[in-house]
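Hi,

Here is the structure I promised to pass on to you. Have a look at it first, and then read on for what turned up in it.

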There are 2 protein chains.
Amino acid sequence: MAVTKKEAESGSEAAEPPPSAARRPGGRTARVRDQVLAAVGPLLVEHGFDGLSVDAVAARSGVHRATVYRRWRDVGGLLADVLDAAGADRWTAPDTGCLEGDLRALNEEVQDALSEESSLARALIAASFRSAGAADALRRFWEDRYERCAHVVERAVARGELAPPVEARSLLVAATAPLYHHLVLLHGAPDPALPGEAARTAVLAARAGAFGTRSRTG
Amino acid sequence: MAVTKKEAESGSEAAEPPPSAARRPGGRTARVRDQVLAAVGPLLVEHGFDGLSVDAVAARSGVHRATVYRRWRDVGGLLADVLDAAGADRWTAPDTGCLEGDLRALNEEVQDALSEESSLARALIAASFRSAGAADALRRFWEDRYERCAHVVERAVARGELAPPVEARSLLVAATAPLYHHLVLLHGAPDPALPGEAARTAVLAARAGAFGTRSRTG
DNA sequence: CTTTTACCGCGACACCTGTCGCGTTAAGAT
DNA sequence: ATCTTAACGCGACAGGTGTCGCGGTAAAAG
């Protein structure tokens with residue numbers, strides 16, 4: 001679980017530390033953070049999101065309750081911190097050779113991530129409704145993912161599959177939104193056909209001129 | 001607040017009452033239900049979803065805490081009951097004369113409903129992550145709405161705007177999902193242009209042959 | 001090494017959440 | 001009118017959640 005030091009206080013909205021005041025991010029403080037974050041994942045898998053209380057995390061990590069409350073404020077803050085750590089991974093968008101294949105592969109990843117029993121993504125979505133810190137972390141995470149996925153669209157344009165201009169973000173949202181809608185909002189069961197269908201739909205719309213910066217309804 | 005008697009026990013998963021046992025849905029019981037449900041709305045508007053506790057509802061309605069817990073189990077059950085009452089309204093899909101106009105009007109309704117400060121829809125989505133009763137009620141509500149909106153697609157086919165067959169539900173999901181994605185999952189601010197863009201995208205995809213029961217990629 | 005103080009452990013605390021048993025009330029049946 | 005009992009009111013209770021003040025520990029500075 002790689003942890004970047006620079007994000008030591010992420011997930012908290014009272015952002016900036018006093019400019020010249022001495023802080024202590026090293027030694028014991030860092031060890032406490034590692035212990036706590038290391039306890040979140042297993043607890044999430046074992047007891048699900050509803051079983052993920054600050055108390056349980058404190059007990060498992062061996063850190064005192066009050067310390068966890070002071071540094072992370074609530075469960076959302078904890079999830080936000082682990083998400084920020086996870087967001088700094090080396091994930092890249094799939095590259096299957098064609099736009100529809102890329103989008104389909106992307107959707108299948110999304111469906112897998114959202115379908116597993118104790119999904120971190122699902123837990124964070126739930127937490128984002130009760131914790132501002134979790135909501136912010138989720139937004140940052142998705143924004144980062146959209147940025148990386150934009151490469152998929154750029155490749156498609158370079159191959160001549162799409163005529164520029166194309167708003168990558170709108171296209172990606174159109175391709176993935178039906179999945180989230182079905183799995184998260186409607187709490188539906190995974191549908192093996194849905195990733196492909198949503199990808200195909202988005203590609204058809206893109207070829208017909210949607211997602212251009214200027215509307216050409218044709 | 002019209003309340004249909006038949007739904008007296010909706011939102012509870014231990015569904016069926018003993019077949020020949022005598023129940024008492026009238027008189028005091030009905031009055032208690034009305035008092036409680038009447039208290040949910042105002043509390044939701046005043047204090048938001050986080051301030052909507054069973055205790056607060058009980059206090060405002062004048063009904064004892066234990067009674068509310070017994071009949072509705074949790075906040076999700078309360079919201080589910082309110083939603084079932086709201087689902088029995090006379091809402092019909094917009095009819096503007098063309099498919100894109102209908103979808104755009106529909107999306108604007110969705111955006112308005114989701115953007116208001118203390119949105120019932122938003123609260124129910126949040127509750128659906130913590131309460132099975134709320135999740136079921138939400139699914140029922142949306143399924144009902146999709147059924148009513150199918151008329152929009154049928155009219156479009158009748159006018160010759162689309163060539164059958166067209167899966168109405170998939171088209172409606174594609175048209176509305178980007179809105180939910182932006183407003184609910186990304187917690188984004190309302191975007192006046194988004195309803196129209198999403199509607200146009202869905203129409204373009206539909207004209208290109210998406211949503212047909214058989215794929216014709218063109 | 002000594003000093004400073006950021007951060008942590010600790011226990012107490014007020015509040016909220018959900019359940020239970022018991023007595024009472026009144027809806028529905030006779 | 002009378003009886004039966006479903007549904008409610010009531011208070012107590014255990015457990016969880018979040019905050020606070022105090023004292024101790026150990027980073028970081030000198």
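To begin with a definition: the expected span of a helix is 1.5 Å times one less than its number of residues, and helices (H or I, at least four residues) and strands (E, at least two) are DSSP runs, numbered from the N terminus. With that in hand, take α9(B): its 14 residues should span 20 Å at 1.5 Å a residue, and its end C-alpha atoms are 20 Å apart, which agrees.

Some notes on how to read the rest. This is a predicted model, in which local features need pLDDT of at least 70 and side-chain atom pairs count only at pLDDT 80 or more, while totals for chains, interfaces and linings use all residues. Residues are numbered from 1 along each chain as its sequence is written, chains are lettered from A and ligands numbered from 1 in the order in which they are written, and side-chain values use heavy atoms, with hydrogens and water left out.

Chain A has 9 helices and 0 strands. Of its 218 residues, 46% count as buried (under 20% relative accessible area, with a 1.4 Å probe and protein chains only).

Back to α9(B), where 12 of the 14 residues are buried. Among them are B:L194, B:R200 and B:A206. What do the buried residues of α9(B) pack against? They pack against α9 of chain A, together with α5 (99–115) and α8 (168–185) of chain B, where contact means heavy atoms within 4.5 Å. Just after this helix, B:G209 takes a positive phi of about 105°.

The structure holds 3 cavities of 30 Å³ or more (a cavity is a set of points, on a 1 Å grid over the protein atoms alone, where a 1.4 Å probe fits but cannot get out; lining residues have an atom within 4 Å of a point). The largest cavity has a volume of about 90 Å³, a volume being the space filled by probe spheres set on the points, which are joined across faces, edges and corners. Its lining includes A:F211, A:T201 and B:T201, and α9(A) gives the most to it, with 4 residues.

B:S61 is buried, with a relative accessible area of 11%. Leaving aside neighbours within four places in sequence, B:S61 is in contact with B:Q35, B:V36 and B:A39.

Enjoy exploring!

Conventions
On a 1 Å grid over the protein atoms alone, a cavity is a set of points where a 1.4 Å probe fits but cannot get out, and a pocket is an open set with protein on both sides within 12 Å along at least five of seven lines; lining residues have an atom within 4 Å of a point. Buried means under 20% relative accessible area, exposed over 50%, partly exposed in between (1.4 Å probe, protein chains only).
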